[in-house]
Structure formats: structure tokens, C-alpha cells
Amino acid sequence: MMIYTSSLIPSLHNSPFVPSLSSSYNNSSTSQETSNMVLAAPSEKIQENIKLPIIDLSLEKSQVLKLIVKASEEFGFFKVINHGVPEFVIKRMEDESYSFFSKPFSQKQCAGPANPYGYGCKNIGFNGDNGEVEYLLLHANPLSISQTSKNISSDLIMFRCAVNEYVEAVRELACEILELMAQGLWIPDTSIFSNLIRDLHSDSLLRLNHYPSLSWTPHLHHHLVDHNSDTSPNCNSTLCKIGFGEHTDPQILTILRSNDVAGLQISPQHGLWVPVSPHPCTAFSVFVGDTLQALTNGRFKSVRHRAMVNSCKTRMSMVYFGAPSPNARICCPSELVTTTTPHKPYLYRPFTWAEYKKATYSRRLGDARLQFFRLKSENDETISE
Ligand SMILES: C=C1C[C@]23C[C@@]1(O)CC[C@H]2[C@@]12CC[C@H](O)[C@@](C)(C(=O)O1)[C@H]2[C@@H]3C(=O)O
Ligand SMILES: O=C(O)CCC(=O)C(=O)O
Ligand SMILES: [Fe+2]
């Protein structure tokens with residue numbers, strides 16, 4: 001169980017979140033109260049009863065392949081259990097992450113602004129997106145980790161080791177999943193996707209997101225003292241404020257681990273949101289990214305998702321984004337293209353990751369950017385992702 005030490009509490013007085021979170025929030029907030037908040041649209045449908053796939057990686061391989069392909073086609077999302085990432089590696093990274101976010105705001109700012117790497121608070125990207133989140137965005141390459149971490153932790157070596165060890169373990173998991181995906185799609189070169197993120201020059205990232213609860217008030221320290229407690233006295237958990245707005249991840253594969261606080265939602269269909277339960281808390285969430293959608297010629301769906309702020313508990317997520325090297329050419333293998341019936345022509349033009357990343361950063365968080373790389377077929381008038 002993750003226990004916050006009391007040293008955390010005074011530092012949150014300096015948190016930029018405190019003024020806006022100190023008043024209790026509900027759906028009928030006045031326009032003044034909501035003026036600088038990002039809220040979920042009231043017209044949205046939240047579908048609680050859809051069971052999202054949880055795949056046990058220790059099952060028989062042929063079964064795992066089928067389950068992964070089905071989940072990636074249907075949702076672009078699944079959870080994995082028995083994934084082989086040691087709990088102590090996760091715990092060490094989590095501890096480093098909590099200890100960073102518990103610092104005074106002025107100290108955290110020394111690791112910012114996120115440009116795009118470093119500490120960011122509320123601002124996401126460069127095009128006016130924001131949310132109730134603070135974060136650390138790190139390049140997953142060990143050399144760049146050692147440069148950024150100078151301003152992150154007083155114990156540089158500890159922080160660096162925790163990040164390197166965590167990144168290595170989740171990269172291995174991502175590669176294993178990508179190899180299973182290639183096998184499940186009957187692609188003879190089963191390393192075709194995983195080699196892209198194993199590349200020494202891979203542009204993979206690690207993002208640590210921290211979403212403070214809405215119920216924090218100076219006299220209610222116990223909400224923060226025990227992160228994993230199931231019940232917070234005098235607080236009915238609600239999720240109505242947006243922490244990280246809806247988007248798809250541009251990379252190949254995302255591997256997310258969070259504490260046991262709800263907030264993540266996926267959207268398998270426009271206007272419909274499915275909450276991702278934070279249980280089992282030992283699971284990793286896996287997201288198909290835009291680049292994998294292109295690499296599979298549209299068979300796997302890049303999943304729209306967002307993170308809501310929990311009114312009672314503080315949420316923390318650690319997100320690895322597996323990406324190719326900047327000059328890698330993204331083009332789906334010929335096995336996924338057919339010119340005979342059933343006709344499956346190339347859906348996307350080849351592009352480099354550098355080109356796609358540039359397009360990503362020139363757009364807003366929620367933009368459907370992959371559509372600009374789509375090839376137009378003769379009988380395809382409207383383009384939709
Ligand atoms: C608004 C933006 C932030 C983002 C780059 C972008 O221009 C559009 C995509 C955003 C996103 C979403 C997934 C990842 O968290 C991220 C690191 C990424 O690669 O694309 C972020 C970018 C960011 O926060 O820098
Ligand atoms: O924190 C979360 O649960 C989601 C974060 C996310 O989608 C991202 O960092 O890209
Ligand atoms: Fe994301």
C-alpha cells in the first residue's frame with residue numbers, strides 16, 4: 001500500500017491546484033466557478049456495463065494471440081495481467097513519482113516548462129489545450145533521462161535508475177505484445193513492429209501524470225495521507241472534471257499503469273465513454289496508437305481516451321509511449337494489403353515518424369490527425385477515422 005508521508009502535506013499548500021480545488025465541485029457549478037475548469041459535456045453517455053478485455057498473458061499462446069487481436073480490433077484497448085513486470089520495479093517508479101509531485105510548486109517548476117519534455121502544469125502541448133493535471137514528460141532514452149533528471153530529484157542516481165529500470169521493463173512488455181500482435185495477424189516477420197521500438201534511436205516517452213482530487217482542503221489531510229484507501233469519509237466519488245482531455249496517442253503502443261483511483265475512460269464510439277476500472281490494480285492498460293493503426297492498415301483501432309479527475313482521491317498514472325525512431329518509415333506490411341477480394345488497399349500513405357510527430361504537435365490534443373495521412377480511394381468521398 002502506498003502511504004504518503006506527512007512531508008507531502010505542507011508542500012501542497014504551494015500547489016497551483018489548491019485555489020481551484022478548495023471549493024467543492026458539483027455539476028450545477030455556476031459559470032464563475034467553472035470559468036477556468038474543463039468539464040465533461042452533459043450530453044455524453046457513460047456506459048458502465050461494457051466489460052473491457054483483461055488478457056492473462058500466462059494463458060496458452062494461441063489463445064492469447066486471438067484475444068489480443070480481437071481486443072485491438074474491437075476497442076484498440078485491453079488490460080494485461082501476469083505481464084512479468086516485477087512489482088518492485090513499478091513500486092520504485094511510483095515512489096519516485098509521488099515524491100516528485102509532493103514537492104513545492106516552485107521546485108517542480110525548476111524541471112519545467114514542458115518543452116515538450118519536463119514539468120508541465122495544466123497546459124498540455126503548445127496549442128492551447130489544458131486540463132486539471134500536472135505531469136513530467138521524459139524521453140525514454142537513457143542519455144536524455146540523465147539530462148532531464150538533473151532538475152527533478154535531489155537523488156539524481158535513484159531517480160535515473162528507477163526510470164531506466166521501469167522503462168526497460170515496460171518496453172520489454174510492449175515488445176512482447178507487439179510480437180503477439182504480429183503473430184496474431186499472420187505476419188511472417190513477427191518482430192516487424194517490436195523492432196521499431198527496440199531501435200536505439202526510438203523516440204519513446206515516459207509520462208507521469210498527477211491529478212489531485214477535488215476534495216482536498218487544508219483540514220482534510222487524510223485524503224492524501226493514504227492514496228489507496230477505498231473510502232474517503234464524507235466524500236462521494238464523482239468524475240465530472242476533465243484531467244486530460246480526449247485524444248488518441250500518436251505513437252505505436254501505450255502501456256499505462258495507474259494507482260487504484262478511477263478516472264480513465266475510453267471511447268469506442270463517438271459520444272460514448274466507457275470507464276476503465278482501476279482493478280485489478282496489478283494490471284497494465286494497453287492502448288493502440290495512431291501509428292499502429294497505420295501499420296496494421298486500419299485493422300487495429302487507435303483508441304480515443306481521456307482521464308477524469310476523481311473528486312475524492314488523487315490519481316497518478318505512469319505512461320510509456322512506444323515510438324519508432326524519427327526516420328523510421330511507417331508503412332503497413334504487404335500481408336495486410338490485398339488487391340483481390342476481399343479488397344483491402346493501402347489506407348495510408350507511407351510517412352516517417354518525424355513527419356507524423358510534427359503534424360501531431362501542430363494540432364490540438366483532440367484532433368483526428370491520422371486522417372490527413374489517409375489515401376483517398378475512388379469510391380471514398382468522406383474521410384473518417
Ligand atoms: C496538444 C498536444 C499535446 C501532445 C502533443 C499535442 O500537440 C497533440 C498530442 C498530445 C500527446 C497525447 C499523448 C501523449 O501524452 C503526448 C506526449 C503525445 O505524444 O501526444 C501528448 C503531447 C504532449 O503532451 O506533449
Ligand atoms: O492518466 C491517464 O489515465 C491517461 C493519460 C494519457 O492518456 C496520456 O498521458 O496520454
Ligand atoms: Fe493518452
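Is Asn-82 buried or exposed? Asn-82 is exposed, because 11 other C-beta atoms lie within 10 Å, where exposed stands for 12 or fewer such atoms around a residue's own, buried for 20 or more and partly exposed for what lies in between, with C-beta atoms placed from the backbone. This is a predicted model, in which local features need pLDDT of at least 70 and side-chain atom pairs count only at pLDDT 80 or more, while totals for chains, interfaces and linings use all residues. Residues are numbered from 1 along each chain as its sequence is written, and chains are lettered from A and ligands numbered from 1 in the order in which they are written.

Asn-82 sits in the loop between strand E3 (77-81) and helix H5 (87-101), helices (H or I, at least four residues) and strands (E, at least two) being DSSP runs numbered from the N terminus. Its phi is near 50 degrees, a positive value in a residue other than glycine. Trp-186 also has a positive phi, near 60 degrees, and belongs to the loop between helix H8 (156-184) and helix H9 (194-198); with 11 C-beta neighbours inside 10 Å, Trp-186 counts as exposed.

Two loops contain cis peptide bonds. The bond from Gly-112 to Pro-113 is cis, with omega near -5 degrees, and Pro-113 is found between helix H6 (105-109) and strand E4 (118-124). Thr-341 and Pro-342 are likewise joined by a cis peptide bond, with omega about -10 degrees, and Pro-342 has its place in the loop between strand E14 (329-330) and strand E15 (351-352).
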